[in-house]
Amino acid sequence: MKKEKSPKNVNRNLRRALTFFLFIPLLSNLIGNFIGISSHYTFYYYGYNSVAIISRLLEDTITNVGWRIFTLGMLTMITSALMYLLYAKAKKGKLYAFIIGFVLYAVDFSLVFSIHYYEGATGIIVSNFIHLMILLYFVVVGLLFLLKNPRWRTRYDYA
């Protein structure tokens, strides 16, 4: 017996693509900071800029290398857990979680220009590239959402 195809749910697929936007920086945060932990120095610019700033401020007060790595690991896990919670809620269709995640991400992106961001020219270039690619992804999926069902379309659409 032939299995019938279920109709495509375009809205659900676009919502999943938009919420995947919250998941990409979460993975880069985990991978980048754990590479830093395993090599005993940090690649903060592969993760969240807020983690970089808070971890640097904590590192300035802690002299023991083991405690520095521990604080970076804990900050990485806490921020990733928060963003994963927002991602899971947004994936279930909660709009407030997606908006909060996007606002937190935009604030985190703006921290690259803070006076407390000490990652140098390479960090700023890499962080800007990562953040702008993710924002570009968000814009492209948003355009797909708008083009899927434009508001100005009438019932006499011949396109």
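Predicted model: local features only at pLDDT ≥ 70, side-chain atom pairs only at ≥ 80, totals over all residues.
Helix 2 spans residues 49-61 and holds 13 residues. From its first C-alpha to its last, helix 2 reaches 19 Å, close to the 18 Å expected at 1.5 Å a residue. Its buried residues are N49, V51, A52, I53, S55 and E59. N49 has a relative accessibility of 0% and therefore counts as buried, since the cut-off is under 20%. Leaving aside residues up to four places away in sequence, N49 touches D108, F109, L111, V112, Y117, S127 and H131.

On the surface, a nonpolar patch is formed by F129, M133, L136, V140 and L144. Together these residues have about 490 Å² of accessible area. F129 is placed in helix 5, which runs over residues 120-148.

| Residue | Relative accessible area | Class |
|---|---|---|
| N49 | 0% | buried |
| F70 | 45% | partly exposed |
| F129 | 55% | exposed |

The structure holds six aromatic pairs. One of them joins W67 and F70 in an edge-to-face arrangement, at 5.5 Å centre to centre and with 90 degrees between the planes. W67 and F70 both belong to helix 3 (residues 65-91) and are three residues apart, so about one helical turn separates them. F70 is partly exposed, at 45% relative accessibility. Ring pairs also link F20, F23, Y84 and Y87 into a cluster.

Notes
Residues numbered from 1 in each chain as written. Heavy atoms only, no water. Helix = DSSP H or I, 4+ residues; strand = E, 2+ residues; numbered from the N terminus. Expected span 1.5 Å × (residues − 1). Buried < 20%, exposed > 50% of the residue type's maximum accessible area, 1.4 Å probe, protein only. Patch = residues over 30% accessible without salt bridge, like charges linked within 9 Å, V, L, I, M, F, W, Y side chains within 5 Å. Areas by Shrake-Rupley, 256 points an atom, 1.4 Å probe, with all protein chains shown as cover. Salt bridge = Lys/Arg side-chain N within 4 Å of Asp/Glu carboxyl O. Contact = heavy atoms within 4.5 Å. Phe/Tyr/Trp six-rings, centres within 6.5 Å; stacked < 30°, edge-to-face > 60°.
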